[in-house]
Amino acid sequence: MNVLILGIGNILLHDEGVGVRAIEELEHCFSFPAEVELVDGGTCGLELRDTMCDRDLLLLIDAIRNGGMPGTAYRLEGDEVPAHFHTRISPHQLGISDLLATLSLTGSLPARMVLFGVEPADLSTGLGLSPAVEAGLEKVVTAVGEELSGYGLQPGVSSFEEARIPGFWSTRKSPPAGEKEATP
Amino acid sequence: MAKRIVVDPVTRIEGHLRIDCEVDNGKVTKAWSSGQMWRGIEVILQGRDPREAWLFTQRICGVCTTVHAVASVRAVENALDMEVPLNAQFIRNLIIGGHGVHDHMVHFYHLCALDWVDIVSALQADPKKTAALGQSLSAWKGNSYNEIKAVQDRLKGFVATGQLGPFGSGYWGHPAMKLSPEVNLLAVTHYMQALEYQRKINQVVAILGSKTPHIQNLAVGGVANPINLDSSSALNMEKLYHVKTLIDEVNDFVKTAMLSDVAAVGAFYADWTAYGAGVTNYLSAPDMPMDSRGTVFELPGGYIANGDVGDFTPIKSYRDEFFEKNVQESIKHSWYEGDWTRHPYEEETVPNYTDFQDDGKYSWVKSPTFQGEPAQVGPLANVLAMYVAGHEPTRKYVDQTLATVSSLAKTEVGIPALHSTIGRIAARVVRCAVLNDTLTNQWNGLVENIASGDIATFNQPVFPKGEQRGFGYHEAPRGILSHWVVIEDGKIKNYQCVVPSTWNAGPRNGNDAPGPYEASLVGNPVADPEKPLEVLRTVHSFDPCLACAIHLVDKENEEIVRVKVL
């Protein structure tokens, strides 16, 4: 089985970057079977066509504005996924919506698609997630792990040491004082 | 009586652009270009380490991530007066060349062609006649009956499912659509093939840049690619030959299919050579540095004033004062605090949103000027500069394209026709062909340099105490991009990105002179104000990419998708 976990969004806009941060968190918390690939798609466009073509399963992670409480985690699947991106004006409006459309046109859409999202609180310019969205991020990371387990692709738990090093885009504090400093 | 039309948002672009036009007697009489999102990268970068600025700047946009990474490291290197190892220049050049080809291909076929090509009409075409037409235009191997028939069948199946996907926002059956069903089907066939070739050329960027989108191999002072021809984990001959194969495959498509397609579109829409010239001061940068200091370039660039190709001033090096001193930005009509015109080193970014005021502030985009005048940037500016500078491949592809257009249109079409909406599109395809040749040259340069025993890829940057200022430019797919940095005691004190879409999409400047989008729209025909296809043709011909010209404020969904809460 050929699986892509794709986090998208703009890390320069606070909570808009939750998808990219989710990829960092997943990489730090878990080890994945060889058939699972994780990609930080950032503010992607058609450049991702090569990465997305002909997958058995695509797990997308993004910020979703749906009117819920900040940090609310969502799950959409199948046809709801392109429908969601189609209605959206965002930095990846062209990116994901057109990307899915061209994949559909050439018959290369992933066989199965699931979109995980977190309701953002703050989309202003700046780095780091708001506290509510940090909490939502944890829910999504867990949900992605469970989704994979449903296909028999149970992620392993990464070593304690690695899990403590925050990713480049994380503004979480490094390990508490007295413990080993994270490598920048 | 004049009628106001508002296109908001303009679709098939990256970012959010609003265009307002006053239309009188079927022609645009006045136009406003308004970026509807604001950008604040400058604010994020203040106080940061200049060595990591490129990681942030390349996140501004989803289409041109690579270009902001390259311009950023060049700006910091310039501030430190650094040299960059030759291998690093070649590797960067291959990345930006690959990215440029990818970007031009996607724009021509996937973003802009749908303004000229009627997808619905292609369904009625005769695939046999289409194949014959294709074979008369070029030797492209993908013009076979079987290939064309398969595309038409797929398109029929796709439309039958009730979804139009990427074709959903087109004005099908519009009276300004003039291609025959067969020309339309040929274009759609190449649209589908281009989806695969853009993928291949992007692999060049991925192999050398470690990842796309958002390359990971840059460093202030060079690149992070270790070169070791005997190691499987470094840049070795196997990877280099893979890159070469990809370049050659894409080259074949661009030189046969794409060049003949743009000539055909140009010939059938020859009336569009009369519209859309707008601002004819053209600014472009030299690129593809061939030495460690950035004084010799494979591709020329410079400034042409008032569309006069006899009045060309080349930009000569990374330290070129003619360029450095003559760039300014104005905010008189932009949503920032105050009313000033300043050099990028001296700018500030303090937002001040009013409403849309026709004669006041109406855009998040600032208004750049060169020698106090608005300037058009992009492939047309670059192709004209390279043509004037005597760059042989540019001359060859321009002359060849104009000759094909002239023969198809049965009328003489020369260089002056390039100052137009359709000329901008033709220049983009010419530049794509030029970049393909450049990729081969840069690949040869890299391999020869490695063969000579040089494997250096990085010089360590050193940040002295005190203040340094620097600028870095890059001739990006949408035109000249420049980053301007002020460093103090090893930290960023000020940072400004003057991006191509700012030059083109900028509002009126400090002297109330309109920007290139605005000027180019005046005089455009508009057959049906409810379906302003002609306005989109001219705006799209610039390849707008507003995500980096300004920045995003998300808009509430207009339709709510039912979602399940976890």
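Helices (H or I, at least four residues) and strands (E, at least two) are DSSP runs, numbered from the N terminus. The structure is a predicted model, in which local features need pLDDT of at least 70, side-chain atom pairs count only at pLDDT 80 or more, and totals for chains, interfaces and linings use all residues. Residues are numbered from 1 along each chain as its sequence is written, chains are lettered from A and ligands numbered from 1 in the order in which they are written, and side-chain values use heavy atoms, with hydrogens and water left out.

**Figure 1. Chain A, with six helices and seven strands.** Read from the N terminus, the elements of chain A follow the order β-α-β-β-α-β-β-α-α-β-α-β-α. Of its 184 residues, 62% are buried, where buried means under 20% relative accessible area, exposed over 50%, and partly exposed in between (1.4 Å probe, protein chains only). Contacts are counted when heavy atoms lie within 4.5 Å; among those in chain A between residues at least 6 apart in sequence, 78% join residues at least 24 apart. Chain A exposes about 6700 Å², and carbon and sulfur atoms supply 53% of that area, as computed by the Shrake-Rupley method with a 1.4 Å probe, for which, in the case of residues, only the protein chains shown count as cover.

Figure 2. The pLDDT is the predictor's confidence in each residue, from 0 to 100, and chain A averages 84, with 84% of the residues scoring at least 70. Where pLDDT is low, the predicted coordinates should not be read in detail.

**Figure 3. Chain B as a whole, with 17 helices and 17 strands.** With 566 residues, a compact globule would have a radius of gyration near 24 Å, and the 23 Å of chain B agrees with this; the radius is taken over C-alpha atoms, and the globule rule is 2.2 Å times the number of residues to the power 0.38. The C-alpha atoms of chain B fill a box of roughly 70 × 65 × 60 Å along the principal axes, and buried residues make up 64% of the chain.

**Figure 4. B:Val70 in helix α3 (residues 65–79) of chain B.** The residue B:Val70 is buried, with a relative accessible area of 1%. Leaving aside residues up to four places away in sequence, B:Val70 touches B:Ile96 and B:Leu218. B:Gln46, by comparison, is 24 residues from B:Val70 in sequence and 19 Å from it in space, C-alpha to C-alpha.

**Figure 5. The loop between α8 (181–209) and β4 (218–219) of chain B, where B:Pro213 lies.** The peptide bond from B:Thr212 to B:Pro213 is cis, with omega near -10°. B:His214, placed in the loop between α8 and β4, has a positive phi of about 75° although it is not a glycine. B:His214 is buried, with a relative accessible area of 0%.

**Figure 6. B:Lys410 in the loop between α12 (392–409) and α13 (421–451) of chain B.** Phi of B:Lys410 is near 55°, a positive value in a residue other than glycine. B:Lys410 is exposed, with a relative accessible area of 74%.
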